[in-house]
Amino acid sequence: MTLHTIFEYSHKGKSSVRFPISGDLDINNLLPEGMIRKESLLPELTEVDVIRHFTRLSQLNFGVDKGFYPLGSCTMKYNPKVNEKIASMSEFTDIHPFTPDEISQGSLQIMFELQELLGEITGMPHFTLQPAAGASGEFTGLLIIKKYHECNGNTHKNEIIIPDSAHGTNPASVHLAGFKVIEIKSSENGWVDIDELKKVVSDKTAGLMITNPNTLGLFDGNILEIANIVHEVGGLLHYDGANLNAIMGKCRPYDMGFDIVHLNLHKTFSTPHGGGGPGSGPIGVTEKLYKMLPVPVVIKKGEKYFLKYDLEYSIGKVLASHGNFLVMLRAWVYINMLGAKGLKKVSETAVLNANYIQEKLSPYFKRAQDQRCMHECVLSGAGLPNGIHTLDIAKRLLDLGYHAPTIYFPLIVKEAIMIEPTETEDKKTLDEFIEAMIKIRKEAESDPEILKQAPVNTPVRRLDEVNAARKPILKYSEII
Amino acid sequence: MNEQGGKMSERKYTESHEWALLKGDTATIGISDFAQKELGDIVYVELPEVGDHAQAGESLGMLESVKASSDFYSPLSGEIVEVNSELESQPELINQNAFEEGWIAKIKISDKSEMDSLMDEEEYEAHCQEEEH
Amino acid sequence: MTFIPISDNDRKEMLKDIGVASIDELFEVIPEKIRLKDFNSFEGCNENNIIRKAKKISIKNREAAESICFAGAGYYDHFVPAAIDSLVSRGEFSTAYTPYQPEVSQGTLQAIFEYQSMICELTGMEVANASMYDGATALAEAILLSLRSTRKQKILISSTVNPVYRQVINSYLSGQSIEIIDIPEENGCINIRFIEENANSETACIVVQIPNFYGIVENGLDIRKAIPDKVDYIVCADPNSLGILEAPGKYGADIVVGDCQTLGIPLSFGGPSNGYFAVNSKHMRKMPGRVVGKTVDLDGKTGYVLTLQAREQHIRREKATSNICSNQQLAALRNLIYLSLAGRKGLKEISYSCMENSHYLAEKISSINGFSLRYDAPFYKEFIIECPVDASKLIMNIFDKYMIIAGIPLSRFNKEDRKGLLIAVTEKRSKQDMNLLVDALKEWEEK
């Protein structure tokens, strides 16, 4: 099915949204001539055109609402619809961010309660809800680390240690914050190599950024020792909370020794992924870092809530607003519905499901490592017969009605396939997925062409990404 | 033994897979066939500018493929006197012929002795074998 | 409610297949010292009860949410057509993620392509990305792009740029050693002579906002003339204003950014919204964020893919053009649908309506004794009124009596400015709304 772009439905005389104007104001007298718009080539459409076009467009997409979406590292769990219902209440949508505190108590209460709940879950005593998403949260954490060392007169501390298995945003954020990246190799079993770590820590170490479980889906059992080693040289530990879905109610980043914890509400806390955002990336910190948080934070005095702007060593702001409020609201709904016991069950089931898949697929695919995984498992498409690669497996899965797992990440595993089922899938779905993977493995032997030609059942087949990068066409050209 | 022709026996190589071919006091440089295979289809080349200073071992520019991006390093020090502007519209020349049409730049070298610290063809091929394992 | 469909029986079977006796065995790798014995400090509830809980809290917002809003300063109460929520709530759009498998993500990818196209048209620029976190971070990223591409370390930024955006910019630049020079203002407008005298070959960029923070429409062409060659001209422009104001690309901007809350996104207590980012082809390969390109598939059919990905964090890592990962996709989709519904006529009318309303109100208010327009410069939908009393007290009083939020006191941004009130008027404000505010203010008239 070929879809036209929205511009192709444009026709002179069509319109939807209109606002009556008197025409009394003479713009030409008010504005300099060069600042008045001469022409606009936005399309002219009716509401029906728009509804049909986007309805059809949506049907070309695969979402969690359609089927199993085991994208490792992204936690594609089901998004409860009551989140949407509450997030569309006008008392929450129609309020300006600079509304005086006295009359926006509803929004402030939601934010404060969310801060507290995230504190219960992670053990961190103070939170900011300002950062917009994961990468923004990391950057915020790094700025806090920087400020902390500045305040202590330790500006020579300019190195941040990151394992080679880290997500791409980590080193990019480190560089932006003005630190030097020190990358350390993981050991054979995927854990941080303690000896390597001891070699690279020094007086210059500002901090260490890791996620636990790591990007291989493994819980690093040496975490307490790692924390000690970094703390001993005066460094801070920053937790990338992308994988929090594995440990809620089982252990807390605070207890692991982390000074800064950043979370992804759009992963662990069921706010919709939206095709790529918007998310929300709150940061939790220990007591000594409270004064460095971005402003404002939400505080409670008696029965009232306030925005507090005067934090002595605040790093300033990382977003113009107080954060993505409507995303926070959804997370508040989810956490309140599940309760502590429910969240614990979430992590237990997420880990159970991933181990189940890993166990069942082990006879057919190489495992990236030998241990029990946590909420996601990493397999490898290396060594498959007939020149079949991980990419072909992923494309064949699309034909069988699944969204492919994450592929080619983490970078330290060759031909990686990272599967994160989450806790919201039933056993039947898991079993069918396992069967599909086994089927594909067998096809790799007996019928490799099917894989190489895949997908054939999707709205488009494999796309020419090389040409798209060599000769980029980034907009519809006929309107200009 | 060579795959794509050219004066292979006089070519010298770096560990990071660049080659240099000296003629008088000007060296033509590029990346090796091994390197272009590793990168995959090259979609964009960020070239240095004529007049820029090149320093042996330091980044001279960047090669972009769909999935990866890689700096390329200068094998020698000197001044850039020419760049292969064909690569602007046809980056695939590097994939098609890394040693000939896919040349990247020409450097007027400042220190001929730097050539001695580069690998010759045999040493380089052994280096590539090692990397594959 | 947990949304977990694994039964106790299933669990038993699965544990058996895995080869462990209990779920706790799967967590044995966690050091005993930090294993939680209990975790039950807050209760859960069902859907009915969470709605009740939320409603109870929401009541505290009700009056403010229902009041007539004249607050601006970067967030505006514009009309949001019903079709947007209807389309955006479709699970195919909202529960998909980043289009890493383009074959099953053509909905998202084509939407981004169309969004990019519309932003280019609005701004008069050649290339746009899939969007950024918000206008402030987009502006910070624009500066970073300019610093990277010019390799200079000095920037000149107008003091008429939104002060909250300035704070975000300061944070984003704090990791580099950059000289930030403020361009002073004169009568609410940027001092162009200062640019002529201070911009030179060491300058990376000039940063301005049009309309500026005070609502004034600065002369973008005159500013352009003052900027030397090779110095980037960065314009931050409210996209809603581009229905009536000239596209910055047409008067020589090199990078154009802004906040898209004014394109079909409700106030939302500030978030989420998204920021747009547009450049000309010279900056294309260094532009941060996601970008979608048009291509063909194996059968020659048109399709869309994420492209120029090698610039992005997941490939270039520390050399990436930015650390950004997501692109606020659902917000960008709202913008796209909004612009499709408004179209060229609708957006022009909306913009014109904002301007018509703001001028009507400004005239009425400034004719009340004791109230005056602070600046005498062309403005779009916002203006500053000099009040006879403390503006924060004034607005709370008016809210209590009339259920109107009369504007934003400037003391919020500058403690010394007690009497300034920033008033924004959108197409949603009727003559009735505005007359009511005038009546409210008349009670404070100086006799």
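**Close-up views of a predicted model**

**View 1. The four-stranded sheet of chain A.** In chain A, four strands make up an open sheet with antiparallel pairing, in the order S10-S11-S13-S12. The model shown here and in the other views is predicted. Strand S10 (366-367) and strand S12 (406-407) of chain A lie at the edges, and each has a single partner strand, so one side of each is left without a neighbour in the sheet. Strand S11 (residues 377-380) and strand S13 (residues 416-419) of chain A are joined in the antiparallel sense by four bridges. Within this pair, Leu379(A) is placed opposite Ile417(A) of S13(A). Helix H11(A) packs on the sheet, where H11(A) touches S10, S11 and S13 of chain A. The direction of H11(A) makes about 25 degrees with that of S11(A).

**View 2. The seven-stranded sheet of chain A.** Another open sheet in chain A is formed by seven strands in the order S1-S7-S6-S5-S4-S2-S3, and its pairing is mixed. From one strand to the next, the twist averages 20 degrees. Strand S5 (residues 236-240) and strand S6 (residues 260-262) of chain A run parallel and are joined by three bridges. Asp240(A) has His262(A) in S6(A) as its bridge partner.

**View 3. The domains of chain A.** Chain A is divided into domain 1 (6-58), domain 2 (82-338) and domain 3 (344-466). Taken over C-alpha atoms, the centres of domain 2 and domain 3 of chain A are separated by 30 Å. To the contact between them, domain 2 of chain A brings 19 residues and domain 3 of chain A brings 18 residues. On the side of domain 2 of chain A that touches domain 3 of chain A, eight residues are nonpolar, nine are polar and two are charged.

**View 4. The domains of chain C.** Chain C is divided into domain 1 (63-79 + 343-442) and domain 2 (82-338). Their centres, taken over C-alpha atoms, are 27 Å apart. In the contact between these domains of chain C, 22 residues of domain 1 meet 20 residues of domain 2. Helix H11 (329-366) and strand S14 (382-386) of chain C each supply at least two residues of the side of domain 1 that touches domain 2. The most is given by H11(C), with six residues. By class, this side of domain 1 of chain C holds 14 nonpolar, three polar and five charged residues.

**View 5. The contact between chain A and chain C.** Here 167 residues of chain A are in contact with 164 residues of chain C. Helix H11 (residues 325-361) of chain A contributes the largest share of the chain A side, namely 22 residues. That side of chain A consists of 86 nonpolar, 51 polar and 30 charged residues.

**View 6. Helix H11 of chain A against helix H1 of chain C.** H11(A) packs with helix H1 (residues 8-18) of chain C at an angle of about 45 degrees, and their axes are 9 Å apart. The two helices, H11(A) and H1(C), are therefore oblique to each other. The crossing in which H11(A) passes H1(C) is left-handed. From H11(A), the residues Leu352(A), Asn355(A), Tyr356(A), Glu359(A) and Lys360(A) meet Arg11(C), Met14(C), Asp17(C) and Ile18(C) of H1(C). This contact of H11(A) with H1(C) includes four nonpolar, one polar and four charged residues.

Methods
Residues numbered from 1 in each chain as written. Chains lettered and ligands numbered in written order. Predicted model: local features only at pLDDT ≥ 70, side-chain atom pairs only at ≥ 80, totals over all residues. Contact = placed C-beta atoms within 7 Å. Nonpolar A, V, L, I, M, F, W, Y, C, P; charged D, E, K, R; others polar. Domains from an automatic or database assignment. Pairing = 2+ DSSP bridges. Axes fitted to C-alpha atoms, helices over the stretch in contact; angles between N-to-C directions. Parallel < 35°, antiparallel > 145°, perpendicular 65-115°, else oblique. Left-handed = near helix turned anticlockwise from the far one by under 90°.
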